[in-house]
Amino acid sequence: MADLLPIVCNWNGENFSPIMGHKATAKKQCLTGQSYIFELSEQRSAARHRAYMAFIGQCWASLPEELTRKHPSPDHLRKYALIVTGYCTTQDFVCQSRKEAERTAFALAAMDSDRYAIISIHDCIVRVQRAESQSYRAMGKQRFNESQEAVENYVGELLNV
């Protein structure tokens, strides 16, 4: 059930009807005669999303060399900013010793090489923090706007803008 796609509908004053492009999804995921609960959510502005990504790209392009080594792409910079501003998931792994924690952190970093994560060690605890997805499907309008503002403020401070 977790792989269900959203279905965008129009309200005509009496009924909801899937808009063009979403009818096939509705037919695939919904059974005729069955009742469903819809969760209302405001759609995000695609233009605002594009402008935000362009802003991150421009900021990354103007980073000093020492920061581009730390953030090798605009996406790395954005995900790092999401994590440090609290828009992330956190997992802690408790180990028996500091040595085991170091081995665990190394193994987790190797397993996570295709995704961005901040992995840190505190005594015998390994903490893995991953940025929340800002995709349309994963983050609603309000949370996206809040995270966008937090990231833009963080990057602005980083560049002294």
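I take helices as DSSP runs of H or I, at least four residues long, numbered from the N terminus. The model is predicted.

**Helix H4**

I started at the end of H4. Glycine 86 follows this helix. The phi of glycine 86 is positive, near 95°. Next I looked up which residues of H4 are buried. They are Leu77, Arg78, Tyr80, Ala81, Leu82 and Ile83. I then checked what these buried residues pack against. Their helix partners are H2, H3 (65-70) and H6. Their strand partners are E3 (88-94), E4 (118-122) and E5 (125-131).

**Nonpolar cores**

I turned to the largest nonpolar core, which holds 15 residues. Tyr52, Ile56, Leu63, Val151, Val155 and Leu159 touch the most other members. H6 gives the most, with four residues.

I followed up on leucine 63. Leaving out residues up to four places away in sequence, leucine 63 touches Thr68, His71, Leu77, Leu158 and Leu159. I also found a second, separate core of seven residues. Ala101, Leu108, Val126 and Val128 are among them.

**Methionine 20**

I located methionine 20 in the loop between strand E2 (16-18) and helix H1 (23-29). Is methionine 20 buried or exposed? Methionine 20 counts as exposed because its relative accessibility is 72%, and the cut-off for exposed is over 50%. Last, I checked methionine 20 against cysteine 9. The two are eleven residues apart in sequence. Their C-alpha atoms lie 9.0 Å apart in space.

How values were computed:
Residues numbered from 1 in each chain as written. Predicted model: local features only at pLDDT ≥ 70, side-chain atom pairs only at ≥ 80, totals over all residues. Heavy atoms only, no water. Core = buried A, V, L, I, M, F, W, Y, C linked by side-chain atoms within 4.5 Å. Buried < 20%, exposed > 50% of the residue type's maximum accessible area, 1.4 Å probe, protein only. Helix = DSSP H or I, 4+ residues; strand = E, 2+ residues; numbered from the N terminus. Contact = heavy atoms within 4.5 Å.
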